[in-house]
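Visitor: I am new to this structure. Please take me through how its parts touch.

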There are 4 protein chains.
Amino acid sequence: MKNIDEKLSFACDYMKGAHPDIIRRLAETNMMETAGYGLDPVCESARERIRRACGCEDAEVEFLVGGTQTNAVMIDAFLRSYEGVIAAETGHISIHEAGAIEASGHKVLALPHELGKISADSVRRYLEDYYNDANHDHMVFPGMVYISQPTEYGTLYAKAELAALKAVCEEYGLPLYADGARLAYALACPENDVSLADLARLCDAFYIGGTKCGALLGEAVVIPDPKRLPHLFTIIKQHGALLAKGRLLGIQFDELFRDDLYLRIGEPAITAAERIRAGLAAKGYDLYFETPTNQIFCVMENERLRRFGEKVEYGFWEKYDDQHTVIRLATDWATDPEAVDRLLEVL
Amino acid sequence: MKNIDEKLSFACDYMKGAHPDIIRRLAETNMMETAGYGLDPVCESARERIRRACGCEDAEVEFLVGGTQTNAVMIDAFLRSYEGVIAAETGHISIHEAGAIEASGHKVLALPHELGKISADSVRRYLEDYYNDANHDHMVFPGMVYISQPTEYGTLYAKAELAALKAVCEEYGLPLYADGARLAYALACPENDVSLADLARLCDAFYIGGTKCGALLGEAVVIPDPKRLPHLFTIIKQHGALLAKGRLLGIQFDELFRDDLYLRIGEPAITAAERIRAGLAAKGYDLYFETPTNQIFCVMENERLRRFGEKVEYGFWEKYDDQHTVIRLATDWATDPEAVDRLLEVL
Amino acid sequence: MKNIDEKLSFACDYMKGAHPDIIRRLAETNMMETAGYGLDPVCESARERIRRACGCEDAEVEFLVGGTQTNAVMIDAFLRSYEGVIAAETGHISIHEAGAIEASGHKVLALPHELGKISADSVRRYLEDYYNDANHDHMVFPGMVYISQPTEYGTLYAKAELAALKAVCEEYGLPLYADGARLAYALACPENDVSLADLARLCDAFYIGGTKCGALLGEAVVIPDPKRLPHLFTIIKQHGALLAKGRLLGIQFDELFRDDLYLRIGEPAITAAERIRAGLAAKGYDLYFETPTNQIFCVMENERLRRFGEKVEYGFWEKYDDQHTVIRLATDWATDPEAVDRLLEVL
Amino acid sequence: MKNIDEKLSFACDYMKGAHPDIIRRLAETNMMETAGYGLDPVCESARERIRRACGCEDAEVEFLVGGTQTNAVMIDAFLRSYEGVIAAETGHISIHEAGAIEASGHKVLALPHELGKISADSVRRYLEDYYNDANHDHMVFPGMVYISQPTEYGTLYAKAELAALKAVCEEYGLPLYADGARLAYALACPENDVSLADLARLCDAFYIGGTKCGALLGEAVVIPDPKRLPHLFTIIKQHGALLAKGRLLGIQFDELFRDDLYLRIGEPAITAAERIRAGLAAKGYDLYFETPTNQIFCVMENERLRRFGEKVEYGFWEKYDDQHTVIRLATDWATDPEAVDRLLEVL
């Protein structure tokens, strides 16, 4: 099956369906009758596999539908009504969730970013400034820290950076939460040193992205210490995030974690991205910044971009100057090496 | 494929997967690459089919994931911050959505029900009382009316009842919104005289339920006059209700409305429900109330119920008295006539 | 100073200014310079007097501006985002606060009332039904109980009733909160057996109404165990309820609790109400129901009411039948005995 | 009456009571009986005086209690649920209102500031970028613009700047709203060229600050075209912002606008601030930035500041460097020239 408009498709990582094993399992189990709302044995099996992959036997695992929804649910679950969430100013919740966090009454407390990341130092400085301000009780109480791994810029937190963030969070009593919408692309990346078990150890909650990583839809939230969020089921329902036929999510994560497929599913994306980066360098294009995962940010002269756009679907990132534009190319778990060949030809 | 615990399964209408045509189409289109967020040609085709089935060429059609989510999005879209929504005290939004409507700041203004329905008269009386109350501007402004077709009790609004509701809504300037979570079972019911075109003519918005009517998940909202809700896409995103791979929803509704399958898909459920009602009557059981659709409400003596429960999965409805319980049996689009045979034997 | 339109004024209990001691103190302290936001020595003195009157040395006392605001702040402070508040269906928060509780995302869980009161039994039944419902985690979690003393019907909880409510609240882990908008009229009522100390012992928070009880504005919230609500100051600010010149509230409560004036300030209202009730009985009017405090509910024939209304400002309560209306007469701390004389003449 | 701790008090502009005329009027009218909720003749008179001062006969004028409350009410009244408000990153709503705007579900869209102000150009650029972004419907819809006059930095918008902001707002269909918490100090400032009539002409709503400008409490919102906000009364009630004894606010604004007192009441503050600025310059202190109104921002060496702080109450603004601190001194309508003499001596 070809891209529907015959262009090469590198615009984003959610244009295809699901890993074939998922489609097969959906067909096989279709007429099975099981309890709703994620209380079925398939979901239970998926939960068990995820717990094992995370080295975290007691974790609560909940399956939600999409990333914005998961962030909104989890942030609302952790925060009290007067608390806000610290995030990079480029964080998904800061800009591209249409105010979903504020819709639950919580301010996003935006910190300056370094290629999409916030540092333990900048979080500590923010918290020190907050507590030093004589009027801090007129300000939004910083109630948790949000990061994404990989970030919206495709960059990665190193284990040491994550541990440093965790330390400052513990010092100030703040939960640390990681958005893993593209987590498979971190896990498949040679440069990455943060495992699922590390996330389970260092975060109070994180989610394992399905939608962009081989599933039709779905994100699996992992909460290492479930006592922290005693009524999460009701919170999920209240946010309209409870899937009646929850088995649909269970099936997908049960397949994604069968033989730890999830740890390898991102590899084709990384291989393809490396080839593209090498190709761009060879042709003299400027990368806007270096990222090790499945997103490539490249500066392109506008007239050249117009012609490029006739053959390739890409993502607009931002204006560079009057003559140039920054574009984003994304690969995914199912990127065809031949499509990469053709992209390199076009370049 | 049998029920996983070998019991007969009449507990609810969301225990199986999807209509086989949907599974086949999912497999066929799996590696197609299309735009995200419902902007793909499959969604467009599904929208076109729904518009045609509703006799409403200009309607906006949006695909959401679940019922509570759809209600929360649409009610928030119609209401201003100080407005509430009128609903039956038994309405799904009144009780079983964990406060999803209130989470957006809107009170549910509960009216007494008659087997799950509210009448035009009771709505008019509520509005007259509101406007006659000298302190009405200290009260929640009634901003819209919510009904469900069929209701949570499986009953149906007749066309004349719907027209009367519409008339009082128009008189007071209130949008009328219908929750069609089980709409296929209304449309397949011989007693029903309300078509999709009637809903499109008499409601300001309604949704066509997929989750309980043959889809894996998904509800299709129809807004006959889209100018009423200019930024609905952003509202959907803000509620965490925007599906990245929107095609998944498009595929399902494209199949459900291919050759108007949706108008017929509920028939097996209605046939099965009629057989069960007749069987219950023949064995001398009391129906708690009469309903024409796919839900059956029956009073059962407790000891008998205990034994019944060993063989049949049913839904608890409410305590009747110390010796009796009201239970709910539900059939669906895929109820096996042989399972009905066996149920009648158990009875 | 006469009523501005020369009618007798029994419409409500917030038509005059403040106790003369308050006005005098305001004038005396006017040019004093003190810290804002309630951090001044006058507020501290008022807090100390209130703590003493409540027999509760460790209580936190906060001064807010009005009743709806106080209810909204305190309910939001106690509840988590997914929790609702149990209240009588006639409770002020249920009807006459324009959805202020829902605006913070919390459902009001309305129970049937008996003359404005809810009983421990009905609360227990509600909680048992909730926990017995197999789908209770799809419902709003009952997170606290709201009562008012006196109620919106002018009735009083007896100490035994309050203790019973407290017992069921403790059993289920729910805070009990009392709205004391008209508390002075309870405390001055011979029938009352609930002291300030009882409220402090039996409630997790309650407020001592100023606005309707001799102040220009202001309500004093008492929280016997302040550890329960660690960031209340910020919550107050977030609700727009923090008064910059907080001293204005401190002055009023410092005067209202000088020599425990507050315990006596309602007496003229009670005396006047008793005279009116006796007069109504003597003239053969029907009381709609009996209440011991400063509100009188009376059934009046419509033509007679028309003429009565030419001479007396009264409150419309509700339609009784086509020929009769229920009206409310209210007395207050400053009701003039001569005005009562003239009212009795008019009757 | 001296400052209670005998220090010179320049920490803020809300430490004293009210203009003596207000106290006198409060005493005179105390036992008058009038309707509640701002429906009394005194409020009506105050409204009429304000309309006249604004040259705006048809304006709706509402009296609220405090600034944060007024901002929260008005922003919620103007915005739809999915909209946010554009403001300077230093705006009061951005930082010092404890998330009151987000508590109603609205994001504050923070723009860089120039001494507390935002320019028409920066607003236009923000809006252009928004509409040019292919994913703008995943972002918060910019629904209105918030400014303050004077700003939190004490600076003023010139009439031409305001007109330019109005032009871009009109181009994009956004209401323009001005927070006038300290408006009297703008109006009394020789440098100011924006009259009340200009504000009424160029803003869709603004408020005339009472709390910091001679009242005990209270802010008067002016809405030149009341049709824009048809149910404002209910919104005010919903926010807990409706004062039962509304007359208390009417009295204060009736006095503040008797003979246009409000236009002159800030003069002593401006005179005092100019003397202090001149004194600081003469002693070689650095102003952190120049402002023409009643706030003075000054850099002080830390050891010197310690000694200064023993004699003068000041406001901490921010750390300048390890050796220096930025402080704020504020004058007000009642600043005593002798206190300024003594302050200059201390310097």
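**Contacts, copies and packing**

Guide: Chain B and chain D meet through 14 residues from chain B and 14 residues from chain D, where two residues are in contact if their C-beta atoms, placed from the backbone, lie within 7 Å. This is a predicted model, in which local features need pLDDT of at least 70, side-chain atom pairs count only at pLDDT 80 or more, and totals for chains, interfaces and linings use all residues. Residues are numbered from 1 along each chain as its sequence is written, while chains are lettered from A and ligands numbered from 1 in the order in which they are written.

Visitor: Which helix gives the largest share of the side of chain B that touches chain D?

Guide: Helix 10 (residues 232-238) of chain B, with 5 residues. Helices (H or I, at least four residues) and strands (E, at least two) are DSSP runs, numbered from the N terminus.

Visitor: How many residues of chain A are in contact with chain B?

Guide: The size of an interface is often given as the accessible area lost when the parts come together. Counted by residues here, 45 of chain A are in contact with 46 of chain B. On the chain A side, the largest share is 4 residues, from helix 1 of chain A. That side divides into 24 nonpolar, 16 polar and 5 charged residues. Ala, Val, Leu, Ile, Met, Phe, Trp, Tyr, Cys and Pro count as nonpolar, Asp, Glu, Lys and Arg as charged, and the others, Gly among them, as polar.

Visitor: At what angle do helix 2 and helix 11 of chain A cross?

Guide: Two packed helices are described by the angle between their axes and the distance between the axes. The axes of helix 2 (residues 41-54) and helix 11 (residues 247-256) of chain A cross at roughly 40° and come within 8 Å. Axes are lines fitted to C-alpha atoms, for helices over the stretch in contact, and angles run from 0 to 180 degrees between N-to-C directions. Among the residues in this contact are A:V42 and A:I50 of helix 2 and A:L249 and A:F253 of helix 11.
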